[in-house]
Amino acid sequence: MEGRKSGGIPVVSYARTSEDFRQRDGHGVRHQLRINERTAREHGCLIVAEYTDNGRSASKEGAARPGFECLVTALSCGYTKDGQAIQGVVCVAYDRLYRRPEDLARFFAALTRRPGRVYVDPQGVRDPCSPEELLRAVRSLEAAMTETRLK
């Protein structure tokens, strides 16, 4: 990954698609990971690990998302499984991370467990502890839940 070649804020990259019926080759998550690499580079971050959930719903209760579980664990302890320190996460959008209130709560609890953590997406680097960012996350959840109900 290009993001690993230069220094910066160490972050993990997360990508998820809910469906991969056509080709079943992970092209959607690969595309998101490329966006994450570019985003990290543009905002002075260094991707130290990637977590993915290809073809996995985030809106269905009880749906297994092993990549999300690894992400939450890494954020909670501050290190990846192989011992890389992390200070945040880069993702194309909040709705890739969660579409249910309990996942928002788990993600934000893990992300904000230590001070100085960041959330990074194509719009920039943000402080997840700020009231504005928490409000943005809740609004994203509301939009995702509405979209799910309409489907």
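This is a predicted model: local features need pLDDT of at least 70, side-chain atom pairs count only at pLDDT 80 or more; totals for chains, interfaces and linings use all residues.
A residue is called buried when its relative accessible area is under 20%, exposed when that area is over 50%, and partly exposed in between. By this scale histidine 43, at 27% relative accessibility, counts as partly exposed.

**Aromatic residues**

- The structure holds six aromatic pairs. In one of them, the ring centres of tyrosine 94 and phenylalanine 108 lie 6.1 Å apart with the planes at 45 degrees, so this pair is tilted.
- Because tyrosine 94 lies in helix α3 (residues 94-97) and phenylalanine 108 lies in helix α4 (residues 101-111), the pair ties together parts that are 14 residues apart in sequence. Tyrosine 94 and phenylalanine 108 are both buried.
- Tyrosine 94 also pairs with tyrosine 119, and here the ring centres are 4.2 Å apart and the planes stand at 15 degrees, so the pair is stacked.
- Tyrosine 94 counts as buried at 5% relative accessibility, and tyrosine 119 counts as buried at 0%.
- One aromatic cluster is formed by Tyr94, Tyr98, Phe107, Phe108 and Tyr119.
- A ring also meets a charge in this model, for the charged end of arginine 65 sits over the ring of phenylalanine 68, at 4.1 Å from the centre of that ring.

**Helix α2**

- Helix α2, which covers residues 66-77, has twelve residues and reaches 17 Å from its first C-alpha to its last, close to the 16 Å expected at 1.5 Å a residue.
- The buried residues in α2 are Gly67, Phe68, Leu71, Val72, Ala74 and Leu75. Seen down the axis of the helix, the buried residues of α2 fall within an arc of 165 degrees, so they line one face of it.
- The partners against which the buried residues of α2 pack are the strands β1 (9-16), β2 (45-53) and β3 (88-90), together with the helices α3 and α4.
- After α2 comes glycine 78, whose phi is positive, near 85 degrees.

**Helix α1**

- Helix α1 has 16 residues, which should span 22 Å at 1.5 Å a residue, and its end C-alpha atoms are 23 Å apart, which agrees.
- In α1 the buried residues are Gly28, Val29, Gln32, Leu33, Ile35, Asn36, Glu37, Thr39 and Ala40, and the buried residues of this helix pack against β1, β2, β3, α3 and β4.
- Glycine 44 follows α1 and has a positive phi, near 70 degrees.

**Nonpolar cores**

- The largest nonpolar core has 25 residues, and those with the most contacts inside it are Leu71, Leu97, Tyr98 and Phe107. The elements that give two or more residues to this core are β1, β2, α2, α3, α4 and α5 (131-150).
- A second, separate core has seven residues, including Val11, Ala40, Cys45 and Val120.
- With residues up to four places away in sequence not counted, tyrosine 98 touches Arg65, Asp103, Leu104, Phe107, Phe108, Ala137, Ser140 and Leu141.

**Residues in loops**

- Histidine 43 is found in the loop between α1 (27-42) and β2. Leaving aside neighbours within four places in sequence, histidine 43 is in contact with Val120, Asp121, Pro122, Gly124 and Val125.
- Histidine 43 and isoleucine 9 are 34 residues apart along the chain, and their C-alpha atoms are separated by 8.9 Å.
- Serine 57 has its place in the loop between β2 and α2, and at 13% relative accessibility serine 57 counts as buried. Not counting residues up to four places away in sequence, serine 57 touches Arg16, Ser18, Ala63 and Arg65.
- Arginine 100, in the loop between α3 and α4, counts as buried at 17% relative accessibility. With residues up to four places away in sequence again not counted, arginine 100 touches Ala58, Ser59, Lys60, Glu61 and Leu141.

Conventions. Residues are numbered from 1 along each chain as its sequence is written. Side-chain values use heavy atoms; hydrogens and water are left out. Rings of Phe, Tyr and Trp (its six-membered ring) pair if their centres lie within 6.5 Å; planes under 30 degrees apart count as stacked, over 60 as edge-to-face and the rest as tilted. Helices (H or I, at least four residues) and strands (E, at least two) are DSSP runs, numbered from the N terminus. Buried means under 20% relative accessible area, exposed over 50%, partly exposed in between (1.4 Å probe, protein chains only). A charge sits over a ring if NZ of Lys or CZ of Arg is within 6 Å of the ring centre and within 35 degrees of the ring normal. The expected span of a helix is 1.5 Å times one less than its number of residues. The arc is that of the directions from the helix axis to the C-beta atoms. Contact means heavy atoms within 4.5 Å. A nonpolar core is a set of buried Ala, Val, Leu, Ile, Met, Phe, Trp, Tyr and Cys residues joined through side-chain atoms within 4.5 Å.
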